[in-house]
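Me: I have a protein chain to read with you. Shall we go through it by question and answer?

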Amino acid sequence: MDLRQFLMCLSLCTAFALSKPTEKKDRVHHEPQLSDKVHNDAQSFDYDHDAFLGAEEAKTFDQLTPEESKERLGKIVSKIDGDKDGFVTVDELKDWIKFAQKRWIYEDVERQWKGHDLNEDGLVSWEEYKNATYGYVLDKIDADKDGFVTEGELKSWIKHAQKKYIYDNVENQWQEFDMNQDGLISWDEYRNVTYGTYLDDPDPDDGFNYKQMMVRDERRFKMADKDGDLIATKEEFTAFLHPEEYDYMKDIVVQETMEDIDKNADGFIDLEEYIGDMYSHDGNTDEPEWVKTEREQFVEFRDKNRDGKMDKEETKDWILPSDYDHAEAEARHLVYESDQNKDGKLTKEEIVDKYDLFVGSQATDFGEALVRHDEF
């Protein structure tokens with residue numbers, strides 16, 4: 001990332017952190033739908049394909065011949081059979097569907113893992129994460145070490161970094177700075193390319209409280225780190241980055257949410273804090289209809305004990321509802337449709353035989369598939 005990209009990121013982070021939302025913010029962690037297709041096997045198996053493979057992966061199978069589709073499906077079955085007993089159970093199938101649906105999470109973890117496992121030992125310690133995430137900012141930019149980066153410190157850092165940057169890259173960057181291509185670089189050209197609009201609206205009183213952010217990250221890191229050694233395995237690092245996906249991390253999700261919304265720090269979320277998190281009046285006296293509805297929702301459903309505020313359990317019920325388990329329902333459906341001997345579990349042969357239900361292919365004849373579907 002070059003200096004201008006870095007500055008833009010910081011500017012965007014500032015705007016996000018300091019501005020109040022004007023549109024409804026959804027803090028509820030819903031279990032996502034497995035597909036946006038209609039689940040009607042009498043019409044197509046598209047929903048099942050998306051559920052089993054994930055929507056993007058399902059598209060690749062649509063381009064395969066039946067033979068190629070069956071071959072790749074067979075390899076997937078070997079991965080699904082976790083205990084390697086030759087059978088795929090409902091639970092194993094459910095776990096696979098959850099994995100396929102959240103493949104992006106694992107890809108995100110894999111990307112971030114490389115940037116945080118600094119010594120490449122296959123583990124991420126808290127020190128590695130802290131240094132990779134905060135060390136550069138705190139040690140280099142935060143001159144007075146107070147945990148904040150002010151505009152003045154940021155300007156000083158930019159000037160320092162830019163000087164070296166110019167010396168090292170002047171030939172490569174010249175065309176970018178010389179905007180009117182007159183063979184000279186004016187101050188306005190240089191300032192606009194380097195700082196953009198960042199200096200047009202200076203606010204020297206604002207800064208980034210990196211120290212507070214780091215304490216919060218450390219707390220979450222320790223929660224994800226099951227064995228308490230401050231070194232994260234891949235699974236623990238995934239829980240750290242995506243705590244809402246893990247049951248043992250849900251308390252930290254609730255705690256962080258309450259800290260974000262509880263402006264008076266009394267340990268509860270009252271009605272005005274609840275609404276204020278979603279909506280800013282911005283001088284408008286008339287609230288949108290959805291805001292009025294949210295006020296009613298708070299009184300009628302969120303505040304279960306009617307004391308005028310949400311405690312930890314009430315907040316948890318709000319943001320982490322016990323949703324219908326779509327993955328389990330789909331797993332049971334796939335087993336029911338493919339289990340030829342009705343023993344409640346599937347062999348590789350039973351799954352591959354019903355490949356059109358699981359993955360499909362370019363040449364799948366849906367009419368023929370329906371005939372075979374009715375046979376079972």
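Me: At what angle do helix 6 and helix 11 pack?
Reply: This is a predicted model: local features need pLDDT of at least 70, side-chain atom pairs count only at pLDDT 80 or more, and totals for chains, interfaces and linings use all residues. Residues are numbered from 1 along each chain as its sequence is written, and side-chain values use heavy atoms, leaving out hydrogens and water. Helices (H or I, at least four residues) and strands (E, at least two) are DSSP runs, numbered from the N terminus. Axes are lines fitted to C-alpha atoms, for helices over the stretch in contact, and angles run from 0 to 180 degrees between N-to-C directions; for this pair the axes are 10 Å apart and the angle is about 105 degrees.

Me: Are helix 6 and helix 11 roughly parallel or roughly perpendicular?
Reply: Angles under 35 degrees count as roughly parallel, over 145 as roughly antiparallel, 65 to 115 as roughly perpendicular and the rest as oblique. The angle here is about 105 degrees. Helix 6 and helix 11 are therefore roughly perpendicular.

Me: Which residues of helix 11 meet helix 6?
Reply: Contact means heavy atoms within 4.5 Å. From helix 6 come Ile-105, Asp-108, Val-109, Glu-110, Gln-112, Trp-113 and His-116. Their partners in helix 11 are Lys-234, Phe-237, Thr-238 and Leu-241.

Me: Is His-49 buried or exposed?
Reply: Buried means under 20% relative accessible area, exposed over 50%, partly exposed in between (1.4 Å probe, protein chains only). His-49 sits in helix 2. Its relative accessible area is 8%, so His-49 is buried.

Me: How far apart in space are His-49 and Val-359?
Reply: In sequence, 310 residues separate them. Leaving aside neighbours within four places in sequence, His-49 has contacts that include Asp-356, Leu-357, Phe-358 and Val-359. From C-alpha to C-alpha, His-49 and Val-359 are apart by 4.9 Å.

Me: What covers the buried residues of helix 5?
Reply: Buried in helix 5 are Val-90, Glu-92, Leu-93, Lys-94, Trp-96, Ile-97 and Ala-100. Their cover includes helix 2 (46-53), helix 4 (66-80), helix 6 (103-116) and helix 16 (326-338).

Me: Which residues of helix 14 are buried?
Reply: Helix 14 (residues 289-302) has 14 residues and reaches 18 Å, close to the 20 Å expected. Its buried residues pack against strand 5 (269-270), helix 13 (271-278), strand 6 (309-310) and helix 15 (312-319). Those buried residues are Val-291, Glu-294, Phe-298 and Arg-302.

Me: Is Lys-84 buried or exposed?
Reply: Lys-84 lies in the loop between helix 4 and helix 5. Its phi is positive, near 55 degrees, in a residue other than glycine. At 57% relative accessibility, Lys-84 counts as exposed.

Me: What is the relative accessible area of Arg-306?
Reply: Arg-306 is in the loop between helix 14 and strand 6. Its phi is positive, about 60 degrees, although Arg-306 is not a glycine. Arg-306 is partly exposed, with a relative accessible area of 48%.

Me: How many of the residues of the protein chain count as buried, in percent?
Reply: The protein chain has 19 helices and six strands. Of its 376 residues, the buried share is 40%.

Conventions. Expected span 1.5 Å × (residues − 1).
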